[in-house]
Amino acid sequence: MSRLIAFLMVLFSIGLTLSSCKGEKEKNSNPAGTKSLIPQSPYAMLIVESESCIYCKQLDRDLQRDPQLKKAVEGMDVLRLLAESNARVKYRLDGKEGESTEEDLARALGVRAYPHIIFYNSQGEIILRIPGYTPPKTLACVIRYVKEEFYKKENINQFLQREGCV
């Protein structure tokens, strides 16, 4: 009797796992399973995160719940890279175009702190890097700094101070 219950529990667990994975497809992946980090919008915000990073989870919550941030990212691609992942990614970043694993790309970009946000344009030119967690109000200002191309005119610190974002 106990073997039957154990067997049914295993089947139930497998069923739950399969049903939770069903239909989960990466937004920016192609049929071969390679995720694209090449932006479709003029600008992209690449969030490099780690599985064990509590600040990465907080940033994710901020992006989902904070109305100011939700509005700020409209018209900008928000892409993610998991530093411990062996999943394949296609990229155009920092003057290089290619394909690698997420882990190798994070290493090549010199990411050592999580979350690490990299803003870049559709040509792959890196505009700004932010290592570590940034509160929603400041991050919304940084996104505006990139999207409205203030980066062409002034330093990020001057902009944030002038706009009262810090």
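**Charged pairs, the sheet and a helix**

Modeller: Aspartate 60 is partly exposed, at 26% relative accessibility. On that scale, buried means under 20% relative accessible area, exposed means over 50%, and partly exposed lies in between (1.4 Å probe, protein chains only). This is a predicted model: local features need pLDDT of at least 70, side-chain atom pairs count only at pLDDT 80 or more, and totals for chains, interfaces and linings use all residues. Residues are numbered from 1 along each chain as its sequence is written, and side-chain values use heavy atoms, leaving out hydrogens and water.

Aspartate 60 has a partner. Its side chain meets that of arginine 80 in a salt bridge, 2.8 Å from N to O. The term needs a side-chain nitrogen of Lys or Arg within 4 Å of a carboxyl oxygen of Asp or Glu. The pair joins distant parts of the chain: aspartate 60 lies in helix H2 and arginine 80 in strand S3, 20 residues apart. Helices (H or I, at least four residues) and strands (E, at least two) are DSSP runs, numbered from the N terminus. Arginine 80 is also partly exposed, with a relative accessible area of 24%.

Now the sheet. It is open, has 4 strands in the order S3-S2-S6-S7, and its pairing is mixed. Two strands pair if DSSP finds at least two bridges between them. S3 (77-82) and S7 (126-131) stand at the edges with a single partner strand each, so one side of each has no neighbour in the sheet. On average, neighbouring strands are turned by 20 degrees against each other, direction ignored. S6 (residues 116-121) pairs with S7 in the antiparallel sense, over 5 bridges. There, histidine 116 stands opposite proline 131 in S7.

Two helices pack on this sheet. H2 (residues 54-65) touches S2 (43-49), S3 and S6, and its direction makes about 145 degrees with that of S2. H5 (residues 136-147) touches S2, S6 and S7, and its direction makes about 20 degrees with that of S6. Contact means heavy atoms within 4.5 Å. Axes are lines fitted to C-alpha atoms, for helices over the stretch in contact; angles run from 0 to 180 degrees between N-to-C directions.

Stay with H5. It has 12 residues and spans 16 Å from its first C-alpha to its last, close to the 16 Å expected at 1.5 Å a residue. That expected span is 1.5 Å times one less than the number of residues. In H5, 9 of the 12 residues are buried, so the rest of the structure largely encloses it. Among them are Leu139, Cys141, Ile143 and Tyr145. The buried residues of H5 pack against S2, H2, helix H3 (67-72), S6, S7 and H6. After H5 comes glutamate 149, whose phi is positive, near 60 degrees.

Glutamate 163 forms a salt bridge with arginine 144, their closest N and O atoms 3.1 Å apart. This pair also links distant parts of the chain: glutamate 163 is in the segment after helix H6 (156-162), arginine 144 is in H5, and 19 residues separate them. Glutamate 163 is partly exposed at 30%, and arginine 144 is partly exposed at 29%. Glutamate 163 has a further salt bridge with arginine 162, at 2.6 Å from N to O. Arginine 162 is partly exposed, with a relative accessible area of 46%. Through shared partners, salt bridges join Arg144, Glu148, Glu154, Arg162 and Glu163 into one network. The count of salt bridges comes to 12.
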